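Dear colleague,

Please find below the structure that I am handing over to you. My findings follow after it.

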Amino acid sequence: MNNLTTTPDPVSNQENVLILTPLARFYQGYWDNLLALSYPHSLISLGFVTPKTREGNAATAALQAAIAKTQNGPEEKRFASISILRQDFDPPISSQDGAERHKKENQKARRSAMSRARNSLLFTTIGPYTSWVLWLDADIVESHPSLIQDLAAYDKPVIVPNCFQRYKNDKGQWDVRPYDYNSWQDSQTAADLAKKMEPDDILLEGYADIATYRTLMAKLADTSEGRDKKSIIPLDGVGGTALLVKAEVHRDGAMFPPFAFYHLMETEGFAKMARRLGWSCWGLPNYF
C-alpha cells in the first residue's frame, strides 16, 4: 500500500483502475463504449451488481455473453479481471421504467437500495492495488475514449464531468440536453429547507415543489464548439453517471449513505461524506 500512487499520469505510473457499474439492464452500447476506452485494459478491473429480478437475470446473461466474447478475444481488449455480484435484497420498485424510477415518492427507497448496491459492490471489489475507482452508469453509451486519463489529469480526490443526452429537437435534428442534475453547488435556500426537515427527510433535485435554488452544473455547460473543456468548479453534490474517485477516499470511509446523511443520500450523500472527511469534490461543466 505504501507504493500505491494516484497521480495525474496514471498510465505512465501503471495505476490500476476499478470501473464499477450497478446494472439493471444491459446495453450493448455501454459495453462497446467500455471497449473503446484507451486506458490500458490490462490495468482495468470491472465490477457489476445486478438485481435478482427477471430484468436483472436477462441483464446478467447478456453481460456474461459480452464478457466471454471479450475475454476470449484479442489480448489488448481483455480486462484484468471482472466480477459480477447479485443483489441480496429485493428492489424497492419492480419496474425500471424511467418515469417510475424518477417519481418523487419512490426516491428515498430507490436511492437507499442503490446505495446498498453501490456499497456492496465497492467493498467486495476494491483491492489493495486499486488506485482509482470510476463509477459509470449502465446507460452511458458514449464518452471520450480518454475519459479516465482526462479526469485523472486534474489530480482531484473526487471529480465528475457533465452528462448530456442526445435527442432529436423540434426541427428533427440531433441535439444535446442535460441529463444528470445531481452535481451542484449548495445554496442558502437548500440549507434553510434542511433546517426545517425531520432527521430522516431528504432534499431532492429536479422536483418543482422542492425549489432548492442550488447551482446545477448541468445548467452551467457551454455547448459551443469553442468552449473551454478544462473549466473546473468546486461542487457540494455529485452525480454518479461518470464519477472518478481516488481509491483512498473510499478507503478513508466515504461511501454511499443508504440513510439520510445531512438530508442527502446516495451519490449526493457520498459527496457530503467525502467533504466531511476533508476531501474536495470537483466538476467539469464543459466536458461531456
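Predicted model: local features only at pLDDT ≥ 70, side-chain atom pairs only at ≥ 80, totals over all residues.

The largest nonpolar core has 35 residues. Those with the most contacts inside this core are I19, W31, L34, L46, F48, L136 and I148. At least two residues of the core come from each of β1 (16-22), α1 (28-35), β2 (44-50), α2 (54-71), β4 (130-136), α5 (147-152), β11 and β12. Apart from this core lies another, of 27 residues, which includes V133, W135, V245 and A271. In soluble globular proteins, nonpolar side chains tend to be buried together.

F48 deserves a separate word. Leaving aside neighbours within four places in sequence, F48 is in contact with T21, L23, Y30, W31, L34, L63, I82, S83, I84, L85 and L121.

Turning to the chain as a whole, its secondary structure consists of eight helices and twelve strands. A compact globule of 288 residues would have a radius of gyration near 19 Å, and the chain agrees with this, since its own value is 19 Å. The C-alpha trace spans about 55 × 50 × 45 Å along its principal axes. Of the 288 residues, 49% count as buried. Among contacts between residues at least 6 apart in sequence, 77% join residues at least 24 apart. The chain exposes about 13,900 Å², of which carbon and sulfur atoms supply 48%. As for charge, there are 32 positive and 34 negative charges, and their mean positions are 2 Å apart.

Helix α8 (residues 266-276) is mostly covered, with eight of its eleven residues buried. These are E266, T267, E268, G269, F270, A271, M273 and A274. They pack against α4 (107-125), β5 (158-161), β8 (184-185), β11 (242-246), α7 (247-251) and β12 (281-284). Just after α8, G278 takes a positive phi of about 100°.

Which residues does F256 contact, once its neighbours within four places in sequence are left aside? They are S115, R118, N119, W135, H250, E266, T267 and F270. F256 lies in the loop between α7 and α8, and it counts as buried because its relative accessibility is 0%, where the limit for a buried residue is under 20%. F256 and A36 are 220 residues apart in sequence, and 28 Å separates them in space, C-alpha to C-alpha.

For D155 the value is near 55°, and for E266 it is near 50°. D155 lies in the loop between α5 and β5, whereas E266 is placed in helix α8. Are these residues buried or partly exposed? D155 is partly exposed, with a relative accessible area of 33%. E266 is buried, with a relative accessible area of 9%. E266 is also one of the residues in contact with F256.

With kind regards

Methods. Residues numbered from 1 in each chain as written. Heavy atoms only, no water. Helix = DSSP H or I, 4+ residues; strand = E, 2+ residues; numbered from the N terminus. Rg over C-alpha atoms; globule rule 2.2 N^0.38 Å. Buried < 20%, exposed > 50% of the residue type's maximum accessible area, 1.4 Å probe, protein only. Contact = heavy atoms within 4.5 Å. Areas by Shrake-Rupley, 256 points an atom, 1.4 Å probe, with all protein chains shown as cover. Lys, Arg positive; Asp, Glu negative; His and termini not counted. Charge placed at Lys NZ, Arg CZ, Asp CG, Glu CD. Core = buried A, V, L, I, M, F, W, Y, C linked by side-chain atoms within 4.5 Å.
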